[in-house]
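Me: I'm new to reading protein structures. Could you walk me through this one, feature by feature?

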Amino acid sequence: MKISREDVLRVAELAYLDLSESELETYRLQIDEILEYIGKLNELDTANVEPMAQVLADDQTADATLREDVEIPVHAAAELLRQAPDPEPPYFCVPKVIER
Amino acid sequence: MTKWTIDSAREAIAGKKISARELADEYYKRIEARNPELNAFLALSPERAYAQADKVDAMVASGKPLPPMAGVPIAIKDTISTRGTKTTCGSKILEQYVPPYDATAVTRLEAAGAVILGKTNCDEFAMGSSNENSAFGVVRNPEATDRVPGGSSGGSAAAVAAGLAVASLGTDTGGSIRQPGSFCGVPAMMGSYGRVSRYGLIAFASSLDRIGPFANNVKDIATVLQIIAGRDPQDSTSTTAPVPEYRTEVGKPVTGLRVGIPKEYFGAGMDGEVRKKIEAGIEVLKRIGCKTVEIAMPHTDYAIATYYIIATAEASSNLARYDGVRYGLRVDDDSLLAMYRKTRGAGFGPEVKRRIVLGTYVLSAGYYEAYYLKGQKVRALIAQDFRDAYTKVDVIVTPTSPVPAFKLGERTADPLQMYLADIYTVTGSLAGVPGISVPCGRICGKLPVGLQIFGPAFGEAKVLQLAHLFELAGGGTV
């Protein structure tokens with residue numbers, strides 16, 4: 001077994017994700033099978049391989065595509081706030097996090 | 001029912017045979033008739049469409065030169081932002097979300113005269129290969145309505161195949177444009193990573209996500225790609241590499257073109273009937289002057305494992321933004337952390353939750369090196385396979401999918417089996433190269449098969465050229 005019930009619970013906690021009892025067990029089984037399959041990567045010796053985080057070569061990014069750091073006003077705030085679950089312009093409201 | 005193409009629609013409008021408004025009307029009537037069964041569209045935007053159509057008609061009346069997609073009715077996948085029209089990503093968590101801005105691809109298409117009919121159904125946050133993970137119901141394959149249209153851009157593929165849009169935009173992270181194109185029997189393409197701006201594309205896996213077109217023929221694909229390609233200051237990963245004239249390039253001959261056939265793409269797990277069609281397709285390529293070369297891409301078999309580490313890791317990070325604070329669903333609780341947990345637990349569907357759990361796990365302390373870092377290293381080997389291949393050949397030809405469209409519900413119980421169906425498409429996603437799926441016959445005259453052509457990075461012109469000639473030579477009816 002690659003992943004335990006406790007592992008799934010710990011990860012769900014990290015991801016702030018409520019899972020029901022049945023979801024917990026289904027995901028544990030399915031993810032266990034997926035991780036088992038992923039284990040085949042260990043057949044490959046990658047000791048001397050550089051990890052690849054993205055595909056663009058340096059000449060396609062960096063200086064070529066970084067723009068000047070200038071302020072560009074975007075007037076979307078009011079429209080965005082209007083559809084927030086609990087807006088109080090110019091703020092988003094959240095449940096109280098600090099006890100007095 | 002007229003199967004309009006971009007060119008025929010534009011010409012008919014320019015020649016005053018039909019107005020842009022009448023054409024939009026015709027398409028909305030078709031959608032009204034067929035969408036209740038197919039469920040390809042999630043939202044329609046008639047106000048915006050008719051305003052744009054009227055603009056085009058005014059241009060025709062005043063004799064102004066018409067842009068390349070003047071009056072052409074198109075559809076946009078629901079993971080791509082459209083100002084003022086709901087963009088749900090097929091998820092309950094964004095059920096009421098209305099973007100305050102357009103994706104760059106949408107802005108550019110509208111500037112080119114296109115008429116945006118509405119938004120198309122998809123797997124939730126583009127996570128799926130059958131469109132069965134949409135929170136708003138499955139899409140049916142117009143060619144066989146008891147079967148899936150493929151995914152995740154199932155609605156965009158079905159809309160074009162059923163004649164409910166002349167062209168559409170989809171997004172491809174591991175095959176989500178090419179595979180539904182293959183299942184529904186229409187050409188479908190992703191350009192190189194960096195070729196098309198991702199601004200306004202709601203992120204799934206940022207190092208893999210790409211926007212690309214579905215259309216009725218390869219020339220139309222070239223037209224749409226031409227319009228949406230090119231540097232956008234709003235997306236720092238969009239490149240400054242010049243955009244060739246794809247529409248001119250597609251007409252050029254391919255004599256002597258070296259076509260690599262990787263043996264790893266013809267192994268076990270491939271449907272026998274799909275194999276026959278692809279082999280017949282390869283004969284067509286030879287007939288139009290290509291030289292086929294057998295090549296090896298030794299890391300192909302590791303691509304699915306690599307993809308499902310990298311894609312889920314990036315997804316778990318990207319989807320952290322759905323917290324019930326700024327937009328989308330909120331499930332109330334007195335505690336902030338409990339509000340996060342409840343909102344996300346209620347708002348995300350099963351496949352998205354599964355991937356968040358897997359992605360968080362492969363990034364978590366103690367597992368990062370064994371999984372995520374290992375995945376990034378194997379990704380480098382897979383990309384190297386492609387670079388090595390392109391020292392010997394100009395393009396690579398494979399099946400798009402090992403199987404034709406499967407029956408609704410047939411694969412939903414076993415996620416790993418569903419993932420394995422992406423075997424031929426995820427490689428090119430990881431490597432960042434362009435790829436197209438073009439129709440390559442039908443099994444028993446019914447179920448479409450797709451032939452996939454990969455080019456080298458920024459070699460879209462070659463891919464389009466070959467796909468166009470393949471289509472002209474009858475590749476679609478082998």
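Predicted model: local features only at pLDDT ≥ 70, side-chain atom pairs only at ≥ 80, totals over all residues.

Me: How many residues of chain B are in contact with chain A?
Reply: Two residues are in contact if their C-beta atoms, placed from the backbone, lie within 7 Å. Here 58 residues of chain B touch 48 residues of chain A. Helix H13 (368–389) of chain B gives the largest share of chain B's side, ten residues. Helices (H or I, at least four residues) and strands (E, at least two) are DSSP runs, numbered from the N terminus.

Me: How do I describe two packed helices?
Reply: You use the angle between their axes and the distance between the axes. Axes are lines fitted to C-alpha atoms, for helices over the stretch in contact, and angles run from 0 to 180 degrees between N-to-C directions. Take helix H1 (residues 5–14) of chain A and H12(B): their axes come within 9 Å and cross at roughly 95 degrees. H1(A) is therefore roughly perpendicular to H12(B) (65 to 115 degrees counts as that). A:Asp7, A:Val8, A:Val11, A:Ala12 and A:Leu14 of H1(A) meet B:Val357, B:Thr360 and B:Tyr361 of H12(B).

Me: Which residues of H9(B) are buried?
Reply: A residue is buried if 20 or more other C-beta atoms lie within 10 Å of its own, exposed if 12 or fewer, and partly exposed in between, with C-beta atoms placed from the backbone. In H9(B), the buried ones are B:Val274, B:Lys277, B:Ile278, B:Gly281, B:Val284 and B:Leu285. Seen down the axis of H9(B), they fall within an arc of 105 degrees, so they line one face of the helix (the arc is that of the directions from the helix axis to the C-beta atoms). The face turned away carries the exposed B:Gly272, B:Glu283, B:Lys286 and B:Arg287.

Me: Where is A:Ala84?
Reply: A:Ala84 sits in the loop between helix H4 (77–82) and strand S1 (87–88) of chain A. A:Ala84 counts as partly exposed because it has 18 C-beta neighbours inside 10 Å. Leaving aside neighbours within four places in sequence, A:Ala84 is in contact with A:Phe92, B:Arg326 and B:Tyr327.

Technical notes. Residues numbered from 1 in each chain as written. Chains lettered and ligands numbered in written order. Parallel < 35°, antiparallel > 145°, perpendicular 65-115°, else oblique.
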